[in-house]
Amino acid sequence: MTWEGAAGTDGGGDGCLTVAVRMPVRVLAVIVVLPVRLAWDALCAVGRALRTALEGLWRRLLLPPLRVLGLAAAWLAKVLLVLPLAVLGRYALAPLGRAAAWILAAAARFLLVLPAVALWRYVLAPAGRGTAWALAALGAAAGWAARVLVVRPAGRIRRAVLLPVAAGIAAAAAFVALVVRWLLVAPLVALWRYAVVPVALATAWAGRALGRGLLWVVRRLVVAPAAFIWRRVLVPVGREVAAALGHAWRVTAYVSRAAGRGAAWLFRVLVAVPAAWLWRGTGAPLLRAAGTAWRFARREILRPARQAVAEARRTVRAALS
């Protein structure tokens, strides 16, 4: 039986290696995974408890005083900064800005625009027109001189000298090309066609045959044994290790869940119940008292102060207008 035949046969059930590896691997996986699962569930429970505690602390204790401080700071900023700055900008800075803009526009018009327009109209435009006329006349004279002194003599030299010399050079080049063709190119083509090409074809055929032989040897001696080891040893062992890890994770979940329920019961008895009793006895009455004081201060102090400030604004605006 060859390696390929052994690799190609598949049994109906599990092999001896799979049965021998399954139970030890599962027991070892349970021993290894159990502490990891317990630690993971404990961290998840602690994270959920911390999140709930921090959310309650922020919502019940920190957010109401911060909201009160924010409202007070906004009211003080509006009274002490926004209203004085608005009055200053409307009745002092805006008129000064409009006056400064009008003065700058007038100065720019009389000091820059009008002198620039006069300079362009009475100096630069006449000078440009005169320069253009002079350049046009100079160009016409230069064109006539070039046509008389350069173009016509160059045409006579071309017809009398250059064309005959070029014809002689072309005849010599044709003769040299004919000699090169029959003495150099034709022998090289014959050598390539009847010597180099047959030798190259024979070498390529021998190389292909040698490559096929080497490929057959590698497939028989390397690929087939490696495939057999992969299919019959590595794949079953890997499959059993993965299944054992999954089984261990599910088994340790029951243990972790039982430990979590016990810890939750202890936390509820030792921490949550006393904390709830303490909150109902002290924290809730204090928060209700603080809310009542805030509503009283807003109704009796902040609202009259806001009305007084609004009345003062209306009085100042009426006096300034």
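The model is predicted, so local features need pLDDT of at least 70 and side-chain atom pairs count only at pLDDT 80 or more, while totals for chains, interfaces and linings use all residues. Residues are numbered from 1 along each chain as its sequence is written, and side-chain values use heavy atoms, with hydrogens and water left out.

**Overall form.** The chain holds two helices and zero strands, where helices (H or I, at least four residues) and strands (E, at least two) are DSSP runs numbered from the N terminus. Its radius of gyration is 52 Å, whereas a compact globule of 321 residues would have a value near 20 Å; the radius is taken over C-alpha atoms, and the globule rule is 2.2 Å times the number of residues to the power 0.38. The C-alpha trace spans about 125 × 110 × 20 Å along its principal axes. Buried residues (under 20% relative accessible area, 1.4 Å probe, protein chains only; exposed is over 50%, partly exposed in between) make up 6% of the 321 residues.

**Annotated segments.** An unreviewed UniProt entry lists residues 68-88, 100-120, 132-150, 162-184 and 190-210 as "transmembrane region"; such annotations may be inferred rather than shown by experiment. Two of these ranges are tabulated.

A145 lies in helix α2 (residues 16-320) and is partly exposed, with a relative accessible area of 26%. The C-alpha atoms of A145 and L61 are separated by 101 Å, the two residues being 84 apart along the chain.

**Largest pocket.** The largest pocket contains about 910 Å³ of space. Its lining comprises 24 residues, of which A49, T52, A53, F267 and A272 are the closest to the centre. A pocket is an open set of points on a 1 Å grid over the protein atoms alone, where a 1.4 Å probe fits, with protein on both sides within 12 Å along at least five of seven lines; lining residues have an atom within 4 Å of a point. Grid points are joined across faces, edges and corners, and the volume is the space filled by probe spheres set on them.
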